[in-house]
Amino acid sequence: MLMRQEELPLVALASMNDTHLEDVIMINELARLIEEKSVDEITVKLDAFIAHTIEHFAGEEKMMLEKGFPPYRMHKMEHDRALAQMEEVAKYWKEHKDLNALGHYIKHFMPAWLIQHVSTMDTVTAHFLVA
């Protein structure tokens with residue numbers, strides 16, 4: 001197991017915590033498939049992870065807009081940047097099937113990014129949304 005749920009800080013909104021747990025599960029599954037060199041399954045799971053991330057970000061953004069979260073634009077810009085990078089990694093994967101490149105992104109970049117994003121932007125956002 002690459003990531004443990006306990007590595008992510010909990011935020012003040014249970015639905016966000018649930019989504020973050022789903023992220024951890026999907027990252028772990030992708031890491032396992034990369035280790036197993038399961039090329040076809042990786043592509044399917046990577047597409048599912050991107051779809052999950054689109055839904056994840058859209059849900060947070062909807063809540064931020066509904067509550068008038070002042071730094072909405074900054075948070076959305078980080079979502080857009082992270083999603084664009086994820087889509088670029090997926091495109092590269094589909095063209096080159098480079099296990100090392102995808103492995104670095106899934107095993108090193110994604111866990112660090114997720115922990116940092118949850119502990120900063122999502123923590124502040126959740127605190128505002130429940131107030």
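Guide: The model is predicted, so local features need pLDDT of at least 70 and side-chain atom pairs count only at pLDDT 80 or more, while totals for chains, interfaces and linings use all residues. Residues are numbered from 1 along each chain as its sequence is written, and side-chain values use heavy atoms, leaving out hydrogens and water.

Visitor: In what order do the elements of the chain run from the N terminus on?

Guide: Helices (H or I, at least four residues) and strands (E, at least two) are DSSP runs, numbered from the N terminus. The chain has four helices and zero strands. Read from the N terminus, the order is α-α-α-α.

Visitor: What radius of gyration does the chain have?

Guide: The radius of gyration is taken over C-alpha atoms, and the globule rule is 2.2 Å times the number of residues to the power 0.38. For 131 residues, a compact globule would come out near 14 Å, and the value for the chain agrees with that. The C-alpha atoms fill a box of roughly 45 × 30 × 20 Å along the principal axes. The radius of gyration of the chain is 15 Å.

Visitor: What percentage of the chain's contacts with a separation of 6 or more comes from residues 24 or more positions apart?

Guide: Contact means heavy atoms within 4.5 Å. Among contacts with a separation of 6 or more, residues 24 or more positions apart account for 72%.

Visitor: What percentage of the residues in the chain is buried?

Guide: Buried means under 20% relative accessible area, exposed over 50%, and partly exposed in between (1.4 Å probe, protein chains only). Out of the 131 residues in the chain, the buried ones make up 41%.

Visitor: How far apart are the centres of the positive and negative side chains?

Guide: Lys and Arg count as positive and Asp and Glu as negative, with His and the chain ends not counted. The place of a charge is NZ of Lys, CZ of Arg, CG of Asp or CD of Glu. The chain has 13 positive and 22 negative side chains, and the distance between the centres of the two sets is 2 Å.

Visitor: How far apart are the end C-alpha atoms of helix H3?

Guide: The expected span of a helix is 1.5 Å times one less than its number of residues. H3 covers residues 72-96, and its 25 residues should span 36 Å. The end C-alpha atoms agree with this, at a separation of 36 Å.

Visitor: Which helices are included in what covers the buried residues of H3?

Guide: The buried residues of H3 include Tyr72, His79, Met86 and Trp93. Their cover includes helix H2 (39-67) and helix H4 (99-130).

Visitor: Which residues does valine 89 contact, leaving aside its neighbours within four places in sequence?

Guide: Valine 89 is found in H3 and counts as buried at 18% relative accessibility. Its C-alpha atom is separated by 8.3 Å from that of alanine 101, twelve residues apart along the chain. With neighbours within four places set aside, the contacts of valine 89 are Leu102 and Tyr105.

Visitor: Which helices are included in what covers the buried residues of H1?

Guide: The 23 residues of H1 should span 33 Å, and its end C-alpha atoms agree, being 33 Å apart. Its buried residues include Met16, Val24, Ile27 and Leu33. What covers the buried residues of H1 includes H2 and H4.

Visitor: What is the phi of lysine 37, in the loop between helix H1 and H2?

Guide: Most residues other than glycine have a negative phi. Lysine 37 sits in the loop between helix H1 (14-36) and H2, and it counts as exposed at 56% relative accessibility. Its phi is positive, near 60 degrees.

Visitor: What phi does lysine 97 have?

Guide: Lysine 97 lies in the loop between H3 and H4. Lysine 97 is partly exposed, with a relative accessible area of 35%. Although not a glycine, lysine 97 has a positive phi of about 50 degrees.
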